[in-house]
Amino acid sequence: MPVNVLFSARPELWPVYEPLLTNGLAEARLDVNLATNMEPDQVDYVVYAPNGGLLDFTPYSRLKAVLSLWAGVESIADNETLTVPLARMVDNGLTQGMTEWALGHTLRYHLGMDAHITVQDGAWTPTAPPLATERTVCVLGLGELGQAVAQALAALNFRVLGWSRTQKDIQGVTCLHGTDGLRTALSQAEIVVLLLPDTPATENTLNAETLALMPKGAKIINPGRGPLIDDNALLDALNTGQVGHATLDVFRVEPLPLEHPYWEHPNVTVTPHIASETRPVTAAQVICENIQRGEAGEPFVHLVDRQLGY
Ligand code: NAP
């Protein structure tokens, strides 16, 4: 009997993923029926993205797992109709893209690039930027993405502080955890990169109190999720100069509404949730591996802890 795999994501992705998944599953010698539409009680696996429209898993009576194409799973982790394992996306392409994006925006701040890119007024002020060894960057979240970013920053010789829920040990990175760890990290952070998941425990990690801990004029880069930051507190901190500039890729409401003050703020750069994305070639391999594992009775990889929400 074939394995039935339902692809539930944006329709434009189907022509991209269909051949990749078909070939990958054939290489795994699996007899698979892959489609965008299927009787729910026939589905074995769902390849899932939040914008595919699937909300109620109740009729999916023989489902074995939901395999997310997204790394962030906040919109499905607390879905009570889902009672089978949920795997999130860990994809080398996604990680590489995030590392490049975070490095680029960190270097923009570190080197003070805006001063020369945006102002060409004939003034000759020959002040060289400091070295990375003289700059402290803090990465909040040391998972697949945060760890790669922290290591890449360390490889450029930045002083890197990292913060996570549980204690980590990463070469070149001073790792901290817990409430005190966050205070220690932020109090030294000239540039902060947020790569935490959106969970009840991480909401408003940056708020009026924690923003006030940072050195005056600190820069914020948020490719994590919008709710990690208390927006009003950040706007206040930007207006007083406590925060010098923020680069924000993710928001509580996306697309960011036109009337939102971030669009107009001179010290905010808005990017439209493009820090990185799942890359189909490598992501399809991850999906195929998990279907292969499920069929072989082996444990799935990249499982979400539904209690923790990530
Ligand atoms: P991950 O591997 O699950 O890592 C999450 C990290 O956050 C872990 O280090 C975890 O700590 C830490 N964490 C979770 N809750 C915490 C808490 N309460 N206090 C302190 N640390 C906490 O996730 P990932 O793959 O690196 O992805 C991170 C996030 O990036 C995703 O959830 C998604 O929101 C975002 N993302 C954005 C884009 C974009 O284009 N903007 C693209 C992909 C992903 P432990 O290690 O101790 O568990």
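Colleague: How many bridges join E1 to E2, and which way do the two strands run?
Modeller: Strand E1 (residues 3-8) and E2 run parallel, joined by 4 bridges. Asn4 stands opposite Asn33 in E2. Strands are DSSP runs (E, at least two residues), numbered from the N terminus, as are helices (H or I, at least four). Two strands pair if DSSP finds at least two bridges between them.

Colleague: What kind of model is this?
Modeller: This is a predicted model: local features need pLDDT of at least 70, side-chain atom pairs count only at pLDDT 80 or more, and totals for chains, interfaces and linings use all residues. Residues are numbered from 1 along each chain as its sequence is written, and side-chain values use heavy atoms, with hydrogens and water left out.

Colleague: Back to E1. What is the strand order in its sheet?
Modeller: E2-E1-E3-E4-E5, an open sheet of 5 strands with parallel pairing.

Colleague: Which strands stand at the edges?
Modeller: Strand E2 (32-35) and strand E5 (86-87). Each has a single partner strand, so one side of each is left without a neighbour in the sheet.

Colleague: And the sheet of 7 strands, what is its order?
Modeller: E8-E7-E6-E9-E10-E11-E12, open, with parallel pairing. Strand E8 (173-177) and strand E12 (268-270) are its edge strands, each pairing on one side only.

Colleague: Where does Ile221 stand?
Modeller: Opposite Thr247 in E11. Strand E10 (residues 218-222) and strand E11 (residues 243-248) pair in the parallel sense over 5 bridges.

Colleague: New topic, the ligand. Which residues come nearest?
Modeller: Arg88, Thr166, Lys168, Ser276 and Tyr310, out of 30 residues around the ligand (a heavy atom within 4 Å).

Colleague: What distance separates Lys168 from the ligand's oxygen?
Modeller: An N or O atom in the Lys168 side chain is 2.6 Å from an oxygen atom of the ligand. For Glu144, a backbone N or O atom lies 3.0 Å from a ligand oxygen. A polar side-chain atom of Arg225 lies 3.4 Å from an oxygen atom of the ligand.

Colleague: Next, the second largest pocket. Which residues lie nearest its centre?
Modeller: Ala115, His116, Ala123, Thr125 and Thr127, among 17 lining residues. Helix H2 (92-111) and helix H3 (114-117) are the elements that give two or more residues to that lining. A pocket is an open set of points on a 1 Å grid over the protein atoms alone, where a 1.4 Å probe fits, with protein on both sides within 12 Å along at least five of seven lines; lining residues have an atom within 4 Å of a point.

Key. A polar contact is a pair of N or O atoms within 3.5 Å; within protein, one must be able to donate a hydrogen and the other to accept it, and residues adjacent in sequence count only if both atoms are side-chain atoms.
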